[in-house]
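The sequence and the structure come first.

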Amino acid sequence: MNNTLLALLAFTPLVLAGVLLIGLRMPAKTAMPVVYVVTALIALFAWDMSFNRVLASTLQGLILTVSILWIIFGAILLLNTLKHSGGITAIRKGFSGISPDRRVQAIIVAWLFGCFIEGASGFGTPAAVAAPLMVALGFPALAAVVVGMMIQSTPVSFGAVGTPIVVGVTGGINRDGITETLEAGGYTWLEYFRLIAAEVAVIHGIVGVLMPLIMVVIMVKFFGANKSWKEGLSIAPFAIFAGVAFVVPYMLAGVLLGPEFPSMIGAGVGLAIVVPAARKGFLIPKDVWDFPDYKSWPDEWIGKLVIKTEDVVGKTPITTFMGWVPYVLLAVILVASRTVAPFREALQSISFGWSNILGEAGVSGAIQPLYLPGGILLMVVFLTALLHKMRLGELRDA
């Protein structure tokens with residue numbers, strides 16, 4: 001079988017997934033098993049993989065699936081805990097003091113807060129945290145997912161404290177061979193590595209200037225009452241300002257400090273600049289944009305994740321600051337878990353894994369429940385219950 005045909009077969013599962021999910025609008029729970037079966041058949045009959053290796057790879061995929069579900073479980077549990085503690089109500093009121101404009105809220109929550117979580121944790125955590133938070137703020141679930149997934153752009157190469165660059169570069173190329181070539185030219189591996197990080201930061205930064213605007217325009221076009229590009233473009237000055245507020249410190253950190261902190265520094269500085277500017281109405285248009293009335297939302301916008309705080313009564317109100325404290329704690333603990341060696345090693349000490357699954361070399365999977373963001377989210381849930389003085393029944397309901 002020639003290389004061209006093998007390449008086409010390798011691409012087939014991706015194309016099939018797109019056709020079933022997007023073209024035929026088939027539910028993922030139906031489409032993805034079909035894609036899996038097709039992939040397994042191609043592996044068996046085109047790539048000559050043994051049945052045992054296909055089965056081992058399947059088990060490896062299931063282990064990874066549990067890891068992802070653990071993160072999502074933690075994120076949704078934290079959100080529901082904040083609902084029952086009164087935290088979400090406080091956060092909502094806080095945003096009304098910054099800006100009632102949904103475009104501004106999306107930029108602050110998805111772009112800046114989401115980029116910070118990506119820099120601290122990676123592995124899809126920002127979408128799992130920011131999207132439910134936007135639902136709690138009154139965004140349609142589908143809009144929250146679309147905007148939340150667009151976070152996975154500029155900050156990703158420096159996500160999880162630089163893991164994609166650190167692991168991808170050091171483990172993905174022939175370091176020994178490249179080091180010899182570099183030394184022959186009078187350079188070191190560290191200089192080469194820092195050059196890669198710097199160039200990635202600059203390229204991503206240039207594109208990142210426009211990411212908040214692209215995000216907002218798509219949200220307004222597909223989820224606005226008027227389906228208007230103009231309503232999205234009208235906030236272009238503020239969106240570009242938010243993009244610049246993130247990418248300038250992001251690029252400087254990538255060039256001067258290396259791959260570990262660009263996304264966190266960019267988002268942290270961006271939040272410190274953009275939130276006060278939004279509160280003062282800087283570059284924000286006079287027209288306040290919002291989604292159409294909730295009753296007119298199509299079913300496909302809503303899904304099953306609906307956060308209603310009005311049914312939680314009898315709770316003593318908490319301040320906006322205390323409402324945000326759990327997310328601040330989440331960011332701090334995530335950063336500490338990736339940068340403080342004793343803490344990181346303690347979290348990683350609990351691990352459940354399977355090396356060389358079914359005897360297949362190189363096919364392994366492991367779950368570190370405390371080190372994964374899901375475990376840290378559960379720590380924050382416990383701390384939230386204490387800080388917000390929740391009763392046991394409220395925590396049970398969450």
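Buried denotes under 20% relative accessible area, exposed over 50%, and partly exposed in between (1.4 Å probe, protein chains only). The model is predicted: local features need pLDDT of at least 70, side-chain atom pairs count only at pLDDT 80 or more, and totals for chains, interfaces and linings use all residues. Residues are numbered from 1 along each chain as its sequence is written, and side-chain values use heavy atoms, with hydrogens and water left out.

| Residue | Relative accessibility | Class |
|---|---|---|
| F139 | 2% | buried |
| F291 | 7% | buried |
| L256 | 58% | exposed |

**Aromatic pairs**

Rings of Phe, Tyr and Trp (its six-membered ring) pair if their centres lie within 6.5 Å; planes under 30 degrees apart count as stacked, over 60 as edge-to-face and the rest as tilted. There are 16 aromatic pairs in the structure. The F139 and F291 rings are edge-to-face, because their centres are 5.1 Å apart and their planes stand at 70°. Both F139 and F291 also belong to one aromatic cluster with F223, W289, Y294, W297 and W301.

**Nonpolar core**

A nonpolar core is a set of buried Ala, Val, Leu, Ile, Met, Phe, Trp, Tyr and Cys residues joined through side-chain atoms within 4.5 Å. The largest one has 89 residues, and F238, Y327 and L330 have the most contacts inside it. Beyond its neighbours within four places in sequence, F238 is in contact (heavy atoms within 4.5 Å) with residues including V104, I107, V274 and F282.
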